[in-house]
Amino acid sequence: MLSFRATKKMEWYWLTVFYQKRPTEELAHLAWCLLVAVKLSQKQGKIRTDLQIHMFIMQWLTTAQKRKLFPRSVAQDILWLIHEGKRYGFSAKLHRKLEYIWRASSGELLKQSVLFRFTFFIETLKTMDWRDFLLSPQEWHSYHRESITANAVYTPKAELHPAFSDGGELIKPLEIRFTGDISGVFPLFEQCHLRAEQRPDEEGFSVIMLLPEKA
């Protein structure tokens with residue numbers, strides 16, 4: 001059985017470590033094939049509930065692994081998804097992970113607004129058991145946090161809406177605070193095509209500034 005540390009390392013590997021070296025076209029193809037298979041089965045009435053979708057994905061991945069239907073370059077990704085499905089069951093949210101792989105690997109994510117990409121960034125962290133907090137002005141100024149070591153991201157609620165235009169573009173820097181292991185956060189920012197800059201730590205928080213896109 002994999003240790004907790006080894007499992008977390010695998011999670012960051014999948015989302016971040018070899019981002020620029022990953023076979024993006026092959027990853028996109030893998031995700032696309034499975035998403036299409038899910039959609040076809042839904043149209044045929046074979047799967048209807050979220051639990052049935054999860055079971056379908058697990059069976060599909062297992063078959064793909066056994067029959068070696070995809071290149072060796074994505075074998076570790078298939079194994080990782082199977083491991084997540086076995087470990088967390090339905091709560092692994094494999095369908096959401098596959099949608100992320102498709103968007104990130106195919107270039108679809110870059111076509112979206114900064115607000116969409118930032119939301120996608122937060123949602124991706126949440127699939128990895130990160131906690132997400134929108135803090136009131138009072139909580140923000142008092143440096144409220146759940147714990148020093150928990151993997152969590154904190155955003156000032158009052159600053160979130162004014163930081164974006166009606167079209168979802170970032171119009172001024174937005175400060176975000178983190179607790180826990182942020183070793184894979186910057187590569188994830190890159191995958192989501194977001195500009196970010198680390199600032200000095202404050203009150204036990206890692207501080208990162210989300211920056212507007214260059215003109």
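**A charged pair and its surroundings**

Mentor: Let's start with Lys126 and Glu123, whose side chains meet in a salt bridge at 3.2 Å, N to O. The term salt bridge here asks for a side-chain nitrogen of Lys or Arg within 4 Å of a carboxyl oxygen of Asp or Glu. Before we go on, note that this is a predicted model, where local features need pLDDT of at least 70 and side-chain atom pairs count only at pLDDT 80 or more, while totals for chains, interfaces and linings use all residues. Residues are numbered from 1 along each chain as its sequence is written, and side-chain values use heavy atoms, with hydrogens and water left out.

Both partners sit in helix α6, three residues apart, which is about one turn of the helix. Helices (H or I, at least four residues) and strands (E, at least two) are DSSP runs, numbered from the N terminus. Lys126 has a relative accessible area of 33%, so it counts as partly exposed, and Glu123 is partly exposed too, at 27%. For these classes, buried means under 20% relative accessible area, exposed over 50%, and partly exposed in between, using a 1.4 Å probe and protein chains only.

With a relative accessible area of 2%, Arg117 is buried. Setting aside neighbours within four places in sequence, Arg117 is in contact (heavy atoms within 4.5 Å) with several residues. Among them are Leu109, Leu110 and Gln112, along with Cys192, His193, Leu194 and Glu213.

Another salt bridge pairs Arg199 with Glu197, where the closest N and O atoms are 2.7 Å apart. Arg199 counts as partly exposed because its relative accessibility is 32%, and Glu197, at 36%, is likewise partly exposed.

Glu84 leads us to its helix, α4 (residues 75-88). Its 14 residues should span 20 Å at 1.5 Å a residue, and the end C-alpha atoms are 20 Å apart, so the two values agree. The expected span is taken as 1.5 Å times one less than the number of residues. Besides Glu84, the buried residues of α4 include Asp77, Ile78, Trp80, Leu81, Ile82 and Gly85. After α4 comes Gly89, whose phi is positive, near 65°.

Finally, a look at strand β2 (residues 152-156), where five of its five residues are buried. Ala152, Tyr154 and Pro156 point one way from β2, while Val153 and Thr155 point the other way. Strands pair if DSSP finds at least two bridges between them. Five bridges join β2 to β1 (residues 131-135), and these two run parallel; Phe133 stands opposite Tyr154. Three bridges join β2 to β3 (residues 174-179), running antiparallel, with Val153 opposite Phe178.
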